[in-house]
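I opened this entry to learn my way around a new structure. My notes follow in the order I looked things up.

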Amino acid sequence: MSFKRFHRTMAMQIRTYSAPVDGSIPPAKRKYVPSSGTYPQGFQVSGTYVGVKASNTRFPDLALITSATPCSGAAVFTKNKFQAAPVTVSRETIQKRSGEGLHAIVINSGCANAVTGKGGLEDAVSMGSAVDACFDPPPSPSSTLVMSTGVIGQRLPIAKILARIPTAYSTLSDKHSSWLATARAICTTDTFPKLLSTTFSLPSSPSTTYSLAGMTKGAGMIHPNMATLLGIMCTDAPIPAPILQPLLTHAVDRSFNAISIDGDMSTNDTVALLANGAAGGPPITSISSPDAQKMQEVLTSFTQSLAQLVVRDGEGATKFVHVRVCNAASFADAKAIASTIAQSNLVKTALYGKDANWGRILCAVGYTDAGAIVPQDVASILPERTNVSFVPVDGSAELKLLVNGEPQAVDEERAKVILEAEDLEIRVDLGTGDEEANYWTCDFSHEYVTINADYRT
């Protein structure tokens with residue numbers, strides 16, 4: 001191979017935005033990693049090294065989240081037809097227990113345990129059983145949810161995992177460093193661990209401080225339908241399972257179900273929420289109560305922040321894009337249109353190239369099948385009322401690209417400055433109603449192709 005060809009080949013392999021092979025966090029991403037947190041009472045966590053993937057020789061890849069107090073639990077799962085073994089097992093665990101009496105969540109990274117047949121199901125069950133055995137007395141039926149993430153179609157090195165679960169249990173802690181190690185343990189192509197925590201109060205217990213903590217993973221294979229990749233949240237608020245599930249479903253529909261990186265839906269997508277009530281106060285008994293409404297606000301905002309971290313870590317991404325569709329005939333219309341824009345490869349590549357090619361945005365709006373989800377006598381999209389703008393995040397005036405169906409004389413220099421920024425809002429005003437939906441996405445770069453062309457190697 002000639003020197004020039006060798007140099008050109010190596011240059012093509014340079015990964016500017018993907019995770020460094022030494023596991024360090026890229027400087028631009030360090031600002032998203034918390035240095036401290038406020039975590040819910042009664043929960044302890046750990047991140048343990050197993051070596052699930054042969055190429056991982058030192059980083060934690062087994063996460064364990066536990067509560068000494070039995071928890072209410074809720075989860076939202078992928079709708080991919082090839083659902084991974086842990087998805088099946090965790091769904092059955094919640095159903096058998098009616099969402100009550102849960103104690104733990106165990107997660108491995110490095111292998112998805114998906115499309116692995118009967119043996120894969122047995123492996124997922126054995127992971128949960130091994131965690132159950134650490135409690136005294138061991139709960140029956142199982143009180144542990146199981147998650148896996150990584151390469152599809154390969155069996156877990158289950159003996160290695162089972163051998164390390166006692167270590168994971170014995171090293172449980174409520175310290176921030178443990179929460180961060182646990183968040184790191186669920187990462188695959190992520191460039192940084194995604195961990196958040198917050199505090200809140202409820203109207204019925206204004207003097208009680210509740211905590212909510214969550215971690216998520218994901219950088220690719222992200223375009224969800226009822227969930228996305230892996231998300232785990234814990235709170236010490238008293239929320240029974242019949243209330244917890246609708247709260248989670250509503251929040252996920254406006255957060256994890258409103259992000260897209262590459263349009264692919266994983267076989268393993270799961271978002272779970274545990275509530276142990278350890279902080280005290282009266283339980284939330286009605287979904288229409290002031291407490292439930294406040295909890296919904298807190299949870300939805302929190303899940304949106306978590307989900308946005310996934311987009312910020314999109315494989316090869318250089319931009320974080322907020323797609324806002326407003327004044328729509330229905331929420332479903334607005335979300336469908338926002339989703340179509342967020343998925344458009346032409347829009348995403350134009351953003352990567354810093355090209356103000358707004359015609360691609362309008363094209364995506366136009367081919368969205370929004371009219372199928374509103375009454376036939378209600379207009380979903382009227383070209384003569386449609387407006388498209390770029391909205392800078394620095395607070396400066398929006399750059400109007402289309403006003404009431406009429407193209408504007410675009411200041412290309414200002415457009416270029418706006419598109420140079422890491423963050424951008426695309427705003428589409430339909431002028432057909434008063435509903436709004438938001439979606440978060442990123443651009444498509446050469447780096448995305450490089451990462452996914454050799455994912456297994």
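**Cysteines.** I began with Cys111, which counts as buried because its relative accessibility is 3%. I take buried as under 20% relative accessible area, exposed as over 50%, and partly exposed as in between, with a 1.4 Å probe and protein chains only. Cys326 is also buried, at 9%. I then looked for disulfides, meaning pairs of cysteine sulfur atoms within 2.5 Å. The count came to 0.

**Ground rules.** The model is predicted, so I noted that local features need pLDDT of at least 70 and side-chain atom pairs count only at pLDDT 80 or more, while totals for chains, interfaces and linings use all residues. Residues are numbered from 1 along each chain as its sequence is written, and side-chain values use heavy atoms, with hydrogens and water left out.

**Overall.** I found 12 helices and 15 strands in the protein. These are DSSP runs numbered from the N terminus: helices are H or I with at least four residues, strands are E with at least two. Of the 457 residues, 54% count as buried. I checked contacts next, meaning heavy atoms within 4.5 Å. Among those between residues at least 6 apart in sequence, 80% join residues at least 24 apart. The protein exposes about 19000 Å², and carbon and sulfur atoms supply 53% of that. The areas come from the Shrake-Rupley method with a 1.4 Å probe; for residues, only the protein chains shown count as cover.

**Cores.** Which residues touch the most other members of the largest nonpolar core? They are Met233, Ile239, Ile341, Phe390, Ile426 and Val428, in a core of 67 residues. Helix α7 (residues 290-312) gives this core its largest share, 9 residues. Another core lies apart from it, with 30 residues, among them Val45, Ala75, Leu145 and Ile232. By nonpolar core I mean a set of buried Ala, Val, Leu, Ile, Met, Phe, Trp, Tyr and Cys residues joined through side-chain atoms within 4.5 Å. Leaving out residues up to four places away in sequence, I saw that Met233 touches residues including Leu212, Leu248, Val271, Leu299 and Phe302.

**Helix α8.** I checked the length of helix α8, residues 331-343. The expected span is 1.5 Å times one less than the number of residues. For its 13 residues that gives 18 Å, and the end C-alpha atoms are 18 Å apart, so the two agree. Its buried residues include Asp333, Lys335, Ile337 and Ile341.

Where is Asn113 found? I located Asn113 in the loop between β3 (102-111) and α3 (117-132). At 1% relative accessibility, Asn113 counts as buried. Its side chain makes a polar contact with the side chain of Thr116 at 2.7 Å. The Asn113 side chain also reaches the backbone oxygen of Gly120 at 3.0 Å. A polar contact is a pair of N or O atoms within 3.5 Å; within protein, one must be able to donate a hydrogen and the other to accept it, and residues adjacent in sequence count only if both atoms are side-chain atoms. Ala124 sits in helix α3. Ala124 is buried too, at 1%. Among its contacts beyond four places in sequence are Asn113, Pro86 and Val146.

**Pro407.** Is Pro407 buried or exposed? At 51% relative accessibility, Pro407 counts as exposed. I placed Pro407 in strand β13, residues 406-407. Beyond four places in sequence, Pro407 touches Trp358, Leu401 and Leu402.
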